[in-house]
Amino acid sequence: RYEVLVTNKGEEKNKTWKYEVDVGTNIIRLDDGSAIIGGYTFDEISGAVYNSDVFLMRVDVRGNIVWQRRFKYAYDDDMNDFMQDMIITHNSSLGQDLIVFVGNSRPETTGPLTGNTAYIAQYDLNGNFQGVNSYSEANNLMNTHGDIFEGVAELDNGDLVVVGTNNDQSGKSSGIIVLYSSTLSHIYHELYDVQGRSDEFHGITTDGIRTYIVGFTTSVSTGKKHNLRIAKFEPWLTPGNRMIFDKEYSFTYNIVDENNYGEEIHLIDNTLLVGGIISTDWNAQMDNKKFVVKIDPNNGNASDLRILDNTIQNPSHVFANATGIFPVTNDRVITLEHPNNNYYEPEFNGTVGLIDAKIADININSSTINTSRTFTLPDAQSIIDIDGYYDNATNDGELYLVGATNDNVNSPFIGRDVYFVQSTYALADALQ
């Protein structure tokens, strides 16, 4: 339908900034055709000292800004803040739909992912702040990664289940599951890890009663491979009985000992669609391919694995929505193809790739692409998240896409603006 830049949020700052980078990382379409966009604004103060804030905005059906907010956990301007996942809740005890997002906050003077405190925050649909809460394990020292919330889901009674990763003093990681009330009161939390390994939880979905969690597990020893991990967790059961199943998977496309990073998970038509990355490299720094696989929510059995042909360079497997899939049916998804370098690593360098964004419509049980589209605004774009709706009766719907565009071809870290796209499911040409 059209493409539009959303930028210049105009927030006053109390420091002298060299430049500012705005990147949209999360989008949710609302019933009236408007959208909630979340992301971060990333600045270099001097040298290698950076600062980032979360931004939240609502745009109308034509991309015009209705309202915009800048969020900092604990209102501390010396912290880097990132949004990892965002949902709209419908069962809050406050009696209204709310925007709930989760992420992490760390000091601007520490290294990437160091000393993080996890947070959960909520606003109403008019942009009014409703509350925030944080989570930090006792072992969260400044020389460790600390705690990161990476996924959130709402249960039928309004409670919120949040998943993420905790890194302890030895560098070993555990999956975090935290249950909050709809007003963000902490109810309980649990840590999960496989004996002798490191574990991360990156995404979550729910049927309203049970939750389904995606992540990966690995040996502590460098050189051992990562396995995809899927867990079925029922939060209202008694302690010790909440984990219904917890399974590992190892998929390959080239060699035997390849790494599987689970990043996002969706539930549609009684099928779990799981997206992730397969890599021949321990740190997922080379020879990476995206995958989508079906998982049976009843028993965890896997089927219909689809490995995409496009190679990804240097993915950041920190982010819950990193692989970018949106389910149309339990066999068909819209996916970000992510050609080389078309990725974002804001906690490392605040940039996204210098190429045109491309998305594709694929079936999981085939090797072909139904259709694809490259978006060609001037300069370079990256699409990072997808939402929309689909009408099975008419085989029609709309896609809402968000990411960033770069107006400075000589630097990936200057002049980035939020990039919002509305398109048909047929990926027809949008109005420029």
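**View 1. Strand S20 and its burial in the predicted model.** Strand S20 (residues 288–295) is largely enclosed by the rest of the structure, because eight of its eight residues are buried, where buried means under 20% relative accessible area with a 1.4 Å probe and protein chains only. Strands are DSSP runs of E with at least two residues, numbered from the N terminus. Asn288, Lys290, Val292 and Lys294 point one way from S20, whereas Lys289, Phe291, Val293 and Ile295 point the other way, and all are buried. In a regular strand, side chains alternate between the two faces of the sheet. This is a predicted model, in which local features need pLDDT of at least 70 and side-chain atom pairs count only at pLDDT 80 or more, while totals for chains, interfaces and linings use all residues. Residues are numbered from 1 along each chain as its sequence is written, and side-chain values use heavy atoms, with hydrogens and water left out.

**View 2. Pairing of S19 with S20.** Strand S19 (residues 271–279) pairs with S20 in the antiparallel sense over eight bridges, pairing being assigned if DSSP finds at least two bridges between two strands. Within S20, Val293 is the bridge partner of Val274.

**View 3. Surroundings of Leu56.** Leaving aside residues up to four places away in sequence, Leu56 touches several residues, among them Ile36, Trp67, Met86, Phe101 and Tyr123, contact meaning heavy atoms within 4.5 Å.

**View 4. Strands at the lining of the largest pocket.** S6 (79–89) is one of the strands that each supply at least two residues of this lining, others including strand S2 (19–29), strand S18 (259–268) and strand S26 (380–391).

Definitions and conventions
Buried < 20%, exposed > 50% of the residue type's maximum accessible area, 1.4 Å probe, protein only. Helix = DSSP H or I, 4+ residues; strand = E, 2+ residues; numbered from the N terminus.
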